[in-house]
Amino acid sequence: MPLLFQIAHVRRLTVIFALLALIASVVGFSFAGAALMGDVSGMTDPEMLGLLWSTSVGTALAYRLVGLALLIFGCMLGRPGLWLSVIGGGLALWSFAIVGHIPDKDMSWLSALLLLHLIAIAMWIGILTPLKRLADVSAAAEAADLGDRFGRMATVFVPLLVLAGLVMSYVLVGSAAALVGTGYGQALIVKVSVVAVLLALAALNKLRFVPKLMNGDAQAAKQLSRSISLEWIAVILILFTTTVLTSALTLPS
């Protein structure tokens, strides 16, 4: 598969997901207005939405909208817009670090740690679709090369991702009793368990399937594709659990 075709495909996917994120951000902001008002009319009430806009939720939405717009525009520019997309992506990720339980702790270092955590997650999720596509179209050499390069990067950022997650969890939960005895802690246990499955799948890819691909094993591409499909399921479960943790559950007192 030509490299330029791969890049164009990734850019198209990026634009599509960024557009979906823009829509989801606006809809989420409207739902927050409804929750604040206690009535569905709050989704479109100008006074309520104006009040919400003046809070950290509105600030986060502003960062997200600007960041995603820059990300899309950078992708449309092609290679010259690469750094514009990087800046836009960074702003969009930062928007998640200024709302929720972490900012409520009023620890700047903790927010910075969350941002690093989000960057590592974004890198991981971003590689899955291109790698699966290469495996599905039997581009074994390209898939092996991409998987190998990602595996080398992962040896650096995955430990940082895990360490950041553990530190933030410790700060938020505070004790083993709160971890097992509260809804927040139990949901966190579920999330960590799914993350462990995801790490196991990633290790399987790096240590078994990618080396087999590099050695010309014809079945390794299908095995890698199935493994990535399972990784996507784990990612979706992790994102769902994170949503519950940040929006539906309160921190242990």
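Q: At what angle do the axes of helix 6 and helix 10 cross, and within what distance do they come?
A: In this predicted model, the two axes cross at roughly 150 degrees and come within 9 Å.

Q: Why are helix 6 and helix 10 called roughly antiparallel?
A: Angles over 145 degrees count as roughly antiparallel. The crossing of helix 6 and helix 10 is roughly 150 degrees, and the pair is therefore roughly antiparallel. The crossing is also left-handed.

Q: Which residues make the contact of helix 6 with helix 10?
A: Among them are Trp124, Leu128 and Lys132 of helix 6, together with Leu224, Ile228 and Trp232 of helix 10. By class, this contact has 10 nonpolar, 3 polar and 3 charged residues.

Q: What makes helix 9 and helix 10 roughly antiparallel to each other?
A: Their packing angle is about 160 degrees, with the axes 9 Å apart. The cut-off is 145 degrees, and angles over it count as roughly antiparallel; helix 9 and helix 10 therefore receive that description. Their crossing is left-handed, and the residues of their contact divide into 21 nonpolar, 5 polar and 3 charged.

Q: Which helices each supply at least two residues of the lining of the second largest pocket?
A: They are helix 6, helix 7, helix 9 and helix 10. Helix 7 gives the largest share, 7 residues.

Q: How much space lies in the second largest pocket, and which lining residues are closest to its centre?
A: The pocket holds about 240 Å³ of space. Of its 19 lining residues, the closest to the centre are Phe150, Ala154, Ala202, Ala203 and Lys206. The lining comprises 13 nonpolar, 4 polar and 2 charged residues.

Note on methods: Residues numbered from 1 in each chain as written. Predicted model: local features only at pLDDT ≥ 70, side-chain atom pairs only at ≥ 80, totals over all residues. Heavy atoms only, no water. 1 Å grid on protein atoms, 1.4 Å probe; cavity = no way out; pocket = protein on both sides within 12 Å on 5 of 7 lines; lining within 4 Å. Points joined across faces, edges and corners; volume = space filled by probe spheres on them. Helix = DSSP H or I, 4+ residues; strand = E, 2+ residues; numbered from the N terminus. Nonpolar A, V, L, I, M, F, W, Y, C, P; charged D, E, K, R; others polar. Axes fitted to C-alpha atoms, helices over the stretch in contact; angles between N-to-C directions. Parallel < 35°, antiparallel > 145°, perpendicular 65-115°, else oblique. Left-handed = near helix turned anticlockwise from the far one by under 90°. Contact = heavy atoms within 4.5 Å.
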